[in-house]
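Hi everyone, thanks for making time today. Let me put the sequence and the structure up on the screen, and then I'll walk you through the fold and its pockets.

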Amino acid sequence: IMTKLFLTMTLAFCTMVASAQYSVLTTVTSVEEADETTYNVTDKLGVGYQVSEKLMVGLTKNGEDKYELLGRYSLIKVWNNLYIDPNYTMPLKEDEAGEREGNLNLSISYKF
């Protein structure tokens, strides 16, 4: 519980000091327990740096203390400030099998 409280406070602090070049990132996940579904926003937190208008690089940390590199490219403006962005994450360390396979994802972002 203390770890989640610390991560939540860190996210709140980062949003106060984030400038136009830096972004605070999180992933919303659903957790099902005893016929209830709750949503968690502190499972995967990260910080990104806006290299150009369309390209962001960053570092994320999941709840298991594993770090990943992140690359995001702003691709499609859907409506007003709502975007669909492809992103690629890759672990910093190799797994037990000696692999560092990354994941290609699509994300939805709203830019203020």
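**Burial, fold and pockets**

So, of the 112 residues in this protein chain, 21% count as buried. Please keep in mind that this is a predicted model. The accessible surface of the chain comes to about 8600 Å², and carbon and sulfur atoms hold 59% of that.

Now the layout. The chain has one helix and seven strands, and from the N terminus on they run α-β-β-β-β-β-β-β. If you take the contacts with a separation of 6 or more, 24% of them are between residues 24 or more positions apart.

On to the pockets, which I expect you folks will want to hear about. How much space lies in the largest pocket? About 830 Å³. Its lining has 30 residues, and those nearest the centre are Ser 23, Val 24, Leu 25, Arg 72 and Ser 109. Which strand gives the most to that lining? That would be strand 1, with seven residues. Strands 1, 2, 3, 4, 6 and 7 each supply at least two residues.

Definitions and conventions. Residues numbered from 1 in each chain as written. Predicted model: local features only at pLDDT ≥ 70, side-chain atom pairs only at ≥ 80, totals over all residues. Heavy atoms only, no water. Helix = DSSP H or I, 4+ residues; strand = E, 2+ residues; numbered from the N terminus. Buried < 20%, exposed > 50% of the residue type's maximum accessible area, 1.4 Å probe, protein only. Contact = heavy atoms within 4.5 Å. Areas by Shrake-Rupley, 256 points an atom, 1.4 Å probe, with all protein chains shown as cover. 1 Å grid on protein atoms, 1.4 Å probe; cavity = no way out; pocket = protein on both sides within 12 Å on 5 of 7 lines; lining within 4 Å. Points joined across faces, edges and corners; volume = space filled by probe spheres on them.
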